[in-house]
Number of protein chains: 2
Amino acid sequence: MSETNPTAGLVVVGNEILSGRTADANMSYLGQALGALGIRLVEARVVADEEASIVEAVNALRARCTYVFTTGGIGPTHDDITSACVAAAVGRPMERNKEAERRLLAFYPPEKVNEARMKMADMPVGAELIDNPVSVAPGFRVENVYVLPGVPRIMQAMFELLRHRLKGGAPLRSKTVVCYCGEGEIATALGAIQKDHPGVDIGSYPFMRMGTPGTSIVFRSTDEAAIASATSALLEETRSRGFETDEQMLA
Amino acid sequence: MSETNPTAGLVVVGNEILSGRTADANMSYLGQALGALGIRLVEARVVADEEASIVEAVNALRARCTYVFTTGGIGPTHDDITSACVAAAVGRPMERNKEAERRLLAFYPPEKVNEARMKMADMPVGAELIDNPVSVAPGFRVENVYVLPGVPRIMQAMFELLRHRLKGGAPLRSKTVVCYCGEGEIATALGAIQKDHPGVDIGSYPFMRMGTPGTSIVFRSTDEAAIASATSALLEETRSRGFETDEQMLA
């Protein structure tokens, strides 16, 4: 993707991801959804439910990226510390957000209201709410940091509601060519094609299917003409060497 | 897990993970496999195929962790730069590793040998090989950094061969109790139980099944008696409040 496209960083908060108990599903969703907006996800960090780790990751990525997203750690329990850590990272005090409080009080029957649940309305001063159409408790944005929950179906529903607020870049195109040869057979040619097409990210992913080696070559760029040129160069190489190929237009 | 257990960091190298094209499968495998050895995965970073990002991630994690693992970026193509980046991170020159070269030359028929493939034998000076029982090209260890491929079945086979070299800690036990109530109902009690059991990591994971809310409470520690005590405290709370529970011994 172009160097001028906006960038994003992701902080996945959760001991359960690091222990392997739960496989993260938010990274690939956000990578794709941001890419479709022309925003390049440049780094993701998975950190434990510990203040120092969360603050450090948020600060490292918000200094480097146009947008930072966090997932996880915004529920009612003792291990939900993301909101307070984001407040610490941006140097703002926490407060009970009046509108978030109103929504929670409207949602829970009076006998279900308790301090642990109301803690979900505590946010950094100046936070802008992100609507939660599934379970009401809102996320928030403060500066360039977007704080989302970890449960994938809730996170995704909330991202759909906030995506129009993000300023995207030129849309990212990608094209995949499958070559039926080992990646070592075309590595030298691919290196030369990459050198000739600096505006295209060329990725090479080997596979083995039914005992036959193959390589998926993925071309990604905002410049369709450059993708077409790089693809032609690859197909010329594979044709001249008798390797079969298969083209897929994915996005 | 105990503060005295060894720790690990993971650097996942790959544009394809960040773009969402490929879902990472190595993090949860390594989180579980390391946990079984009593080694706590404390942070994972997913970085692009760019030297500065890889070097920074390796150096940040190797300073903080007992072990660092990298996955991805050690094949024959232009985007495979992990080995050179790890050499830069530890401040050692690259060289063609004689034993790795011998293995590659023994594996490929002469007409399949080319410079791109032989590049897979280039490693930092002093690298110790990690055997690859699937596709021969070895990984390596240098200082406390273990360099592994990205293809999950190959990475896993290689990890199985190197795990006996790692010095583990007291084995980690975990116990899961499923409570049939919203997590906000037991959040206050759980916070108190966590305070009374500082040696146990208590995680709370809400779910919704067939329209009924529930919460999985996961207790993790090297101290079985502490897990049993924390579990009893939770069950006393849920019994007194009439919430149904279900206990699962997972590991």
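Visitor: Is Phe107(B) buried, partly exposed or exposed, judged by its relative accessible area?

Guide: Welcome to this predicted model! Buried would need under 20% and exposed over 50%. Phe107(B) has a relative accessible area of 42%, so Phe107(B) is partly exposed.

Visitor: And Tyr108(B), buried or exposed?

Guide: The cut-off for buried is under 20% relative accessible area. Tyr108(B) comes out at 16%, so the label for Tyr108(B) is buried.

Visitor: How many aromatic pairs does a search of the whole structure find?

Guide: The search runs over all chains. One of the pairs joins Phe69(B) and Phe159(B). The count of aromatic pairs is 14.

Visitor: What kind of pair do the rings of Phe69(B) and Phe159(B) make?

Guide: Their centres are 6.0 Å apart, with the planes at 65 degrees. Planes over 60 degrees apart count as edge-to-face, so this pair is edge-to-face.

Visitor: How many residues apart in sequence are the parts that this pair ties together?

Guide: Both Phe69(B) and Phe159(B) are buried. Phe69(B) belongs to strand β3 of chain B, while Phe159(B) belongs to helix α7 of that chain. The pair therefore ties together parts whose separation in sequence is 90 residues.

Visitor: Which geometry do the rings of Phe107(B) and Tyr108(B) have?

Guide: Here the centres lie 5.0 Å apart and the planes meet at 70 degrees. With the edge-to-face cut-off at over 60 degrees, the geometry is therefore edge-to-face.

Visitor: Which residue lies over the face of Phe207(A)?

Guide: Look 3.9 Å from the ring centre of Phe207(A). The residue there is Arg209(A).

Conventions:
Residues are numbered from 1 along each chain as its sequence is written. Chains are lettered from A and ligands numbered from 1 in the order in which they are written. This is a predicted model: local features need pLDDT of at least 70, side-chain atom pairs count only at pLDDT 80 or more; totals for chains, interfaces and linings use all residues. Side-chain values use heavy atoms; hydrogens and water are left out. Rings of Phe, Tyr and Trp (its six-membered ring) pair if their centres lie within 6.5 Å; planes under 30 degrees apart count as stacked, over 60 as edge-to-face and the rest as tilted. Helices (H or I, at least four residues) and strands (E, at least two) are DSSP runs, numbered from the N terminus. Buried means under 20% relative accessible area, exposed over 50%, partly exposed in between (1.4 Å probe, protein chains only). A charge sits over a ring if NZ of Lys or CZ of Arg is within 6 Å of the ring centre and within 35 degrees of the ring normal.
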